[in-house]
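Welcome, and please open the model in your viewer.

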Amino acid sequence: MRHAAEKEKPFKPHLTPRHKVWLNWDGLFLMGPNYLRFLAAVDQTGTIREGGRAVGWSYRTCLNRLRRMEQVLGRPVLVTSRGGKTGGGARLTPEARRFVRIFSVWQREVERLSLRAFARAVKGTVTR
């Protein structure tokens, strides 16, 4: 049992906040942080395979996640072209690009506000 006069040890070097945010569409899961990273990587690289590598997903997992998103939305997330002499490719639909932008901005803002709130909470636990 601790005495009231005993000083509290600082939490700050050991304690860090973590949170996970995601978007729902009509109450159904649409995308979380890994989906965001995946879609952003597809947009940057132009391929599903490279997008999957960015998040550690197999090609099959990528296709399953895309199908799930498309089922929830009721429309395509990517426009794809098959391989061949010119090579295949994938690009985000304008709506998917908008989701990526919205999610990115929102996630950064949540992180910023969360860190500020955490700093206030930690500061408030120090006994004086």
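**The whole chain**

Among contacts (heavy atoms within 4.5 Å) in the protein chain between residues at least 6 apart in sequence, 51% join residues at least 24 apart. This is a predicted model, in which local features need pLDDT of at least 70 and side-chain atom pairs count only at pLDDT 80 or more, while totals for chains, interfaces and linings use all residues. Residues are numbered from 1 along each chain as its sequence is written, and side-chain values use heavy atoms, with hydrogens and water left out.

Colour by secondary structure: you will find four helices and four strands, in the order β-β-α-α-α-β-β-α. Here helices (H or I, at least four residues) and strands (E, at least two) are DSSP runs, numbered from the N terminus. Of the 128 residues, 27% are buried, meaning under 20% relative accessible area with a 1.4 Å probe, protein chains only.

**Helices α1 and α2**

Next, select residues 33-45 (α1) and 48-55 (α2), which pack at about 140 degrees with axes 8 Å apart. Axes are lines fitted to C-alpha atoms over the stretch in contact, and angles run from 0 to 180 degrees between N-to-C directions. Show the side of α1 with Asn34, Arg37, Phe38, Ala41, Val42 and Thr45; its partners in α2 are Ile48, Glu50, Gly51, Gly52, Ala54 and Val55.

**Helix α4**

Finally, select residues 94-124, the 31 residues of α4. Which of its residues are buried? They are Ala96, Phe99, Val100, Phe103, Ser104, Phe118 and Val122.

Technical notes: The expected span of a helix is 1.5 Å times one less than its number of residues. Buried means under 20% relative accessible area, exposed over 50%, partly exposed in between (1.4 Å probe, protein chains only).
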